[in-house]
Amino acid sequence: MLRNYVDGPALRRRFYPESNIGGFSYADAGVAMYMQIDSTLRPTDRVLDFGAGRGEQILDNDVEYRRRLFNLRGRCAHVEGCDIDEAVLDNPFLDHAEVTQPGKSLPYPNDSFDVIYCRFVFEHVQEPHAVAAELMRVLRPGGLLAALTPNKYGYIAVAGAVVPNRLHVRALKYIQPKRKSVDVFPTVYGLNTRKDIRSAFGAGAETFVVYLSGEPAYHFGSPVLFRVFKWLHKHLPSSLQPLLIVYVRKKRC
């Protein structure tokens with residue numbers, strides 16, 4: 001760990017004054033996506049957490065409001081989870097979980113879910129068209145898919161592409177010392193531009209792509225770098241913002 005390292009929550013409270021109230025900032029990308037999901041969620045909905053993993057976005061979260069917002073279990077009829085990682089079987093925020101195989105069909109019938117969501121999954125997808133087709137197959141007509149992922153042309157993805165996948169865990173020990181190696185996976189960025197997303201999901205979907213900055217995350221625990229990245233986020237053109245939130249509605253026949 002670097003000397004004089006300052007953890008993320010302390011930097012957030014310093015540079016986003018509003019986070020001293022509820023623990024989160026106006027720039028919180030996860031809150032932005034889950035609030036949109038929450039605005040449409042119904043008690044009768046069946047939901048799929050695609051790439052659910054061990055539930056680290058809730059388990060390791062330092063903000064109570066985000067833990068409540070991100071946890072959909074009990075707020076709808078059923079929360080299903082799937083992942084290629086067997087850690088999903090121990091995810092406590094799911095009603096049921098399945099381990100899936102890359103390149104294989106999802107183990108669900110057609111039109112199974114009203115809502116599908118995923119957080120930092122699209123950047124790992126090896127076969128974007130096949131995965132998008134499967135997600136559309138199991139999503140009901142009129143249903144919503146929401147995904148938070150890096151923008152391929154943003155600095156997060158560019159840096160990730162420059163550093164070989166085999167070195168990601170080692171690099172993140174310095175950049176994000178509290179990031180657990182079990183949560184680091186190879187990146188390919190095949191589903192991380194507006195063009196690629198629209199191409200993969202096709203004419204049967206309405207696709208809305210939001211460019212946003214989020215809070216600085218790759219700052220080495222340095223207040224100086226945090227301030228620099230916050231300034232950069234403010235002045236970057238939208239097409240170069242580091243994050244995307246993708247909303248896809250399956251058209252009704």
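Helices here are DSSP runs of H or I with at least four residues, strands are runs of E with at least two, and both are numbered from the N terminus. By that rule, the chain we are looking at today has 10 helices and 7 strands.

Hi everyone, a quick word on ground rules before the tour. This is a predicted model, so local features need a pLDDT of at least 70 and side-chain atom pairs count only at pLDDT 80 or more, while totals for chains, interfaces and linings use all residues. Residues are numbered from 1 along each chain as its sequence is written, and side-chain values use heavy atoms, with hydrogens and water left out.

Let's start with the overall picture. Of the 253 residues in the chain, 47% are buried; buried means under 20% relative accessible area, exposed means over 50%, and partly exposed is in between, with a 1.4 Å probe and protein chains only. The accessible surface comes to about 12,900 Å², and carbon and sulfur atoms hold 55% of it. Those areas come from the Shrake-Rupley method with a 1.4 Å probe, and for residues only the protein chains shown count as cover. Now contacts, meaning heavy atoms within 4.5 Å: among those with a separation of 6 or more, 76% are between residues 24 or more positions apart.

On to the inside. In soluble globular proteins, nonpolar side chains tend to be buried together. A nonpolar core here is a set of buried Ala, Val, Leu, Ile, Met, Phe, Trp, Tyr and Cys residues joined through side-chain atoms within 4.5 Å. Which residues have the most contacts inside the largest core? They are M33, Y34, I37, V47, L72 and Y117, in a core of 28 residues. At least two residues each come from α3 (29-40), α5 (64-70), β4 (113-119), β5 (139-150) and β7 (243-250). Helix α3 gives the largest share, 5 residues. For a closer look, pick I37: leaving aside residues up to four places away in sequence, I37 touches L72, V115, Y117 and A146. There is also a second, separate core of 26 residues, and L106, M136, I197 and V246 are among its members.

M136 brings us to helix α6, residues 128-138, where the buried residues are P128, A132, E134, L135, M136 and V138. What do they pack against? The partners are β1 (46-50), β4, β5, α9 (194-201), β6 (205-212) and β7.

E134 is counted as buried because its relative accessibility is 16%, and its side chain meets that of R137 in a salt bridge, 2.9 Å from N to O. A salt bridge here needs a side-chain nitrogen of Lys or Arg within 4 Å of a carboxyl oxygen of Asp or Glu. Both residues lie in α6, 3 residues apart, about one turn of the helix. An α-helix has 3.6 residues a turn, so residues three or four places apart point the same way. R137 itself is partly exposed, at 21%.

Across the whole structure, the search finds 13 salt bridges. One of them joins R75 and D38, at 2.6 Å from N to O. That pair links distant parts of the chain, 37 residues apart: R75 is in the loop between α5 and β2 (78-83), and D38 is in helix α3. Another pairs D62 with R66, whose closest N and O atoms are 3.0 Å apart. Here D62 is partly exposed at 41% relative accessibility, whereas R66 is buried at 9%.

Last stop, the aromatics. The whole structure has 9 aromatic pairs; rings of Phe, Tyr and Trp (its six-membered ring) pair if their centres lie within 6.5 Å, with planes under 30 degrees apart called stacked, over 60 edge-to-face and the rest tilted. Y16 and Y26 make an edge-to-face pair, 5.6 Å centre to centre with 65° between the planes. Since Y16 lies in the loop between α1 and α2 and F226 in helix α10 (residues 223-235), the pair ties together parts that are 210 residues apart in sequence. F226 is buried too, at 1%. Ring pairs link F15, Y16, Y26 and F226 into a cluster.
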